[in-house]
Amino acid sequence: ASPLNCYFRQYCSAFGDTDSFFGSRGSFLDFKPVSGSFQVNPPYCEELIDASLQHIDRLLTDSADALSFIVFLQEWKDPPLKCLSKIEDSPYKRKQVVVMGMEHEYRHGLQHCIPKSEVNFKSIVGTMVVWLQNAAGYARWAPTETRVDALLEAFRPGRERDRDKATATTVPVQPSCSASASSPDVVTAGNSSAPGEIPATGPGKPSTPATV
């Protein structure tokens with residue numbers, strides 16, 4: 001991250017000497033927490049990914065307090081990165097999921113200078129999400145089904161998520177009265193009106209004041 005595109009108030013970045021004035025904690029490789037839960041999304045460079053995974057392994061080994069890292073990596077397939085074998089062999093790996101390409105989105109790295117409508121963009125490749133936690137971290141922040149589902153939901157493209165929520169909360173509106181087949185403009189109702197319906201004798205005019 002950088003001061004121009006960070007999402008959280010504190011973050012790690014490559015230039016801690018200048019970025020520290022804007023919330024940076026410096027390089028992740030120099031960041032040495034003993035407790036807490038952190039998100040890690042290293043640059044897509046094999047050397048940096050390898051160094052980050054080794055650093056996480058040392059931190060988890062050295063701390064007895066609750067410590068957790070959720071690592072986000074591009075799904076490298078052809079060819080696969082050799083350093084990813086460290087994840088498969090790690091005793092701290094608690095869960096791993098892959099979010100398919102075009103089914104999730106990221107915030108653009110140039111979000112500070114592009115239109116807001118273009119800040120979120122769909123990833124064309126899959127993203128691998130890995131939970132690395134020591135025993136205390138797993139006990140506190142275990143990747144339960146509910147937590148994993150919440151993360152995947154947050155990852156979904158916003159417009160699709162908003163559309164689904166709007167559809168789920170929309171309640172069909174029932175007509176208050178039945179329309180006359182012979183005269184569609186005349187609203188008619190008798191004594192059999194359902195609760196909430198307003199009996200009417202003319203074109204949309206109630207015969208008595210309605211009580212709600």
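**Entry 1**

I looked up Lys 93 and found a relative accessible area of 27%, so Lys 93 is partly exposed. I use buried for under 20% relative accessible area, exposed for over 50% and partly exposed for what lies in between, with a 1.4 Å probe and protein chains only. The model is a predicted one, in which local features need pLDDT of at least 70 and side-chain atom pairs count only at pLDDT 80 or more, while totals for chains, interfaces and linings use all residues. Residues are numbered from 1 along each chain as its sequence is written, and side-chain values use heavy atoms, with hydrogens and water left out.

The side chain of Lys 93 meets that of Glu 88 in a salt bridge, 3.2 Å from N to O. The term stands for a side-chain nitrogen of Lys or Arg within 4 Å of a carboxyl oxygen of Asp or Glu. I then asked how many salt bridges the structure holds. There are 3.

Another of them joins the side chains of Asp 50 and Lys 86, at 2.8 Å from N to O. Asp 50 belongs to helix α2 and Lys 86 to helix α3, so this pair ties together parts that are 36 residues apart in sequence. Lys 86 has a relative accessible area of 35% and is partly exposed. I also noted the salt bridge between the side chains of Glu 153 and Arg 156, at 3.1 Å from N to O. Glu 153 counts as partly exposed at 28% relative accessibility, and Arg 156 counts as partly exposed at 22%.

**Entry 1: helix α2**

For element names I rely on DSSP runs numbered from the N terminus: helices are H or I runs of at least four residues, strands are E runs of at least two. Helix α2 covers residues 46-62; at 1.5 Å a residue its 17 residues should span 24 Å, and the end C-alpha atoms are 24 Å apart, which agrees. The expected span is 1.5 Å times one less than the number of residues.

Which residues of α2 are buried? They are Ile 49, Ser 52, Leu 53, His 55, Ile 56, Leu 59 and Leu 60. These residues cover an arc of only 160° around the axis, which puts them on the same side of α2. The arc is taken from the directions from the helix axis to the C-beta atoms. On the face turned away from the buried side I found the exposed residues Glu 47 and Asp 62. The cover over the buried residues includes β1, β2 (67-74), α3 (85-89) and β6 (127-133); contact means heavy atoms within 4.5 Å.

**Entry 2: strand β6**

I checked β6 next, and 7 of its 7 residues are buried. Both faces are covered, with Thr 127, Val 129, Trp 131 and Gln 133 on one side and Met 128, Val 130 and Leu 132 on the other. β6 pairs with β2 in the antiparallel sense over 7 bridges, where pairing requires DSSP to find at least two bridges between two strands. Ser 68 stands opposite Gln 133 of β6. Strand β3, residues 93-99, also pairs with β6 in the antiparallel sense, over 6 bridges. The bridge partner of Lys 95 in β6 is Trp 131.

**Entry 3: Asn 134**

Asn 134 lies in the loop between β6 and α4 (135-141). Is Asn 134 buried or exposed? Asn 134 is buried, with a relative accessible area of 4%. A polar atom of its side chain lies 2.7 Å from the backbone oxygen of Asp 65, and one lies 3.2 Å from the backbone nitrogen of Leu 67. Residues that Asn 134 touches include Leu 60, Tyr 92 and Arg 94.

Ser 24 is in the loop between α1 (16-19) and β1 (36-40), and counts as buried at 7% relative accessibility. The side chains of Ser 24 and Ser 13 are joined by a polar contact of 2.7 Å. Such a contact is a pair of N or O atoms within 3.5 Å; within protein, one must be able to donate a hydrogen and the other to accept it, and residues adjacent in sequence count only if both atoms are side-chain atoms.

Phe 31 is also in the loop between α1 and β1, and is buried with a relative accessible area of 14%. The C-alpha atoms of Phe 31 and Cys 12 are separated by 7.8 Å, the two residues being 19 apart along the chain. Leaving aside neighbours within four places in sequence, I found Phe 31 in contact with Cys 12, Arg 25, Phe 38, His 55 and Leu 59.
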